[in-house]
Amino acid sequence: MLHELASEVRERTVSAEELVRSSLQRIERDDPAIGAVISVREQAVEEARALDQRLASGDDVGPLGGIPLLVKDMEPVEGVPTTYGSMVFADAAPAEADGLIPERLKAAGAIVVGKTNQPEFAFAGYTDNLLYGPTRNPWNLEASPGGSSGGSGAAMAAGMAPIATATDGGGSIRIPAGWCGLVGLKPTNGVIGRRPIPEWIDLSTYGPLGLTVDDVRLLLEIERGPVPGDPTALPEPLPIREEMPARVFAVPRLVDFGPLPAEMQRLFEEAVGSFEENVVGPVEMLEIGSVFRAGNPSDDWLVSCAIEHVHRFGWDFCDANYERFSPLFQGVVDFARKTPLEEYLQVRRRRFEYVRELDELLGDDAVLLCPTNCVSWIHAAGKHPETGEWGDSADAFNTDPQNMTNHPAISVPAGLTESGVPFGLEITAPRFRDGTALTAAAAWERANPWPLVAPGYEPFGA
């Protein structure tokens, strides 16, 4: 879609101003029921008009020239407050400069029309906070779009904008992609440089969320590349090669939390069958618990994230603001407080074993299939529909192990649950073989076409 929209702007069949006005109108009309967008930039209309004038003068406006862009709250946009979905930063001053990804996308011609909602400090697999409230899934307004990039996912699934940024420290791109019927890639850590230092030092990365695999590939080409100060970043942009996997494995869960719910198991088996028939076969099914044997990467993920996040703020800050934190983030602080440093260091060392186990399984030519999310949906405010408990839990997702191992993983739409919420299939590829993940995802998409937006909404540009 992005190639087509940008081409229409360049060929003057539609103006950037028309696209931006359409985005703002759609947000005004549809967002009150969804709660995906926390602020809009009316000056985007003037910026679009200026881009149209540059285009009329023969200037190159970039591969995203004139396309409306929404930005996740935690990513700075010049002139807009960054609140992190937290009451603590409710009165934050406007940012003085753009964050890395908004900067790169704007340089490619995209125009920021607003910012999207997220859970407080991006620490949840659903999107709700005390500052802005819950974000709802356009496919089922009782359900969550996932998190932490849930505002971005919901906005795109409702056709409010064709691009919305996302970050991924434990599944925050792939979880919303799975539940919103989108395509979301967590690239190999290091493919996209990071600025500033992320709270979750080794685990977090930027990455593309898109309506199609082609859109995700284009966004990755724009977002990839080093940045001064990131010791994990590749020194040059990673080549994105067209390469199909030679071998395929599949497993219902990456971590042994027991069998999948019956509906999710059925959808997964149907997806594996389609992959085997239409993409690459045969597929070798693995037993739950056979991928990672050195420990529990999901439990270890929580230890790393909690300790590093609280350390980033400092105990004085956490103590002073504890009553203003959401109950979920209060739990993070409490967990970090009781976790000894020795346990954190043990987790850091076990990561090497997790990486080795997945490296040895995939080699340089295999992919691993699993459900992106392991439950069909959770309530917009975080209530688990099967257990009735509030808050998400590690057994609801198949996403944080790849953050522990740095492997690329992409979620593609692969079915519809009885709740009306999409089912996502996750494809994990060898490290630095992001092209393999994208090529397999593109082949899947050709065999399994999917609507660009949820029922009742118009695809952007329509």
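Ser144 has 0% relative accessibility in this predicted model and therefore counts as buried, the cut-off being under 20%. Ser144 lies in the loop that runs between strand E3 (111-116) and helix H5 (150-157). Leaving out residues up to four places away in sequence, Ser144 touches Tyr126, Thr127, Thr135, Asn137, Trp179, Ile378, His379 and Ala380.

In soluble globular proteins, nonpolar side chains tend to be buried together.

| Core | Residues in core | Members include |
|---|---|---|
| Largest nonpolar core | 100 residues | Leu64, Phe275, Leu369, Leu425, Ile427 |
| Second, separate core | 35 residues | Phe123, Leu254, Trp301, Val333 |

Ile427 is in contact with Ala437, Ala440 and Ala441, among others, when its neighbours within four places in sequence are set aside. Its other contacts on that basis include Phe275, Val367, Leu368, Leu369, Pro408, Ala409, Ile410 and Val412.

Helix H14 also packs against helix H7 (residues 213-223), with the axes 9 Å apart and at an angle of about 160 degrees. Angles over 145 degrees count as roughly antiparallel, so H7 and H14 are roughly antiparallel to each other. From H7, the residues Val213, Val216, Arg217 and Leu220 meet Gly435, Leu438, Thr439, Ala441, Ala442 and Glu445 of H14. Sorted by class, this contact has six nonpolar, two polar and two charged residues.

Conventions:
Residues are numbered from 1 along each chain as its sequence is written. This is a predicted model: local features need pLDDT of at least 70, side-chain atom pairs count only at pLDDT 80 or more; totals for chains, interfaces and linings use all residues. Side-chain values use heavy atoms; hydrogens and water are left out. A nonpolar core is a set of buried Ala, Val, Leu, Ile, Met, Phe, Trp, Tyr and Cys residues joined through side-chain atoms within 4.5 Å. Buried means under 20% relative accessible area, exposed over 50%, partly exposed in between (1.4 Å probe, protein chains only). Contact means heavy atoms within 4.5 Å. Helices (H or I, at least four residues) and strands (E, at least two) are DSSP runs, numbered from the N terminus. Axes are lines fitted to C-alpha atoms, for helices over the stretch in contact, and angles run from 0 to 180 degrees between N-to-C directions. Angles under 35 degrees count as roughly parallel, over 145 as roughly antiparallel, 65 to 115 as roughly perpendicular and the rest as oblique. Ala, Val, Leu, Ile, Met, Phe, Trp, Tyr, Cys and Pro count as nonpolar, Asp, Glu, Lys and Arg as charged, and the others, Gly among them, as polar.
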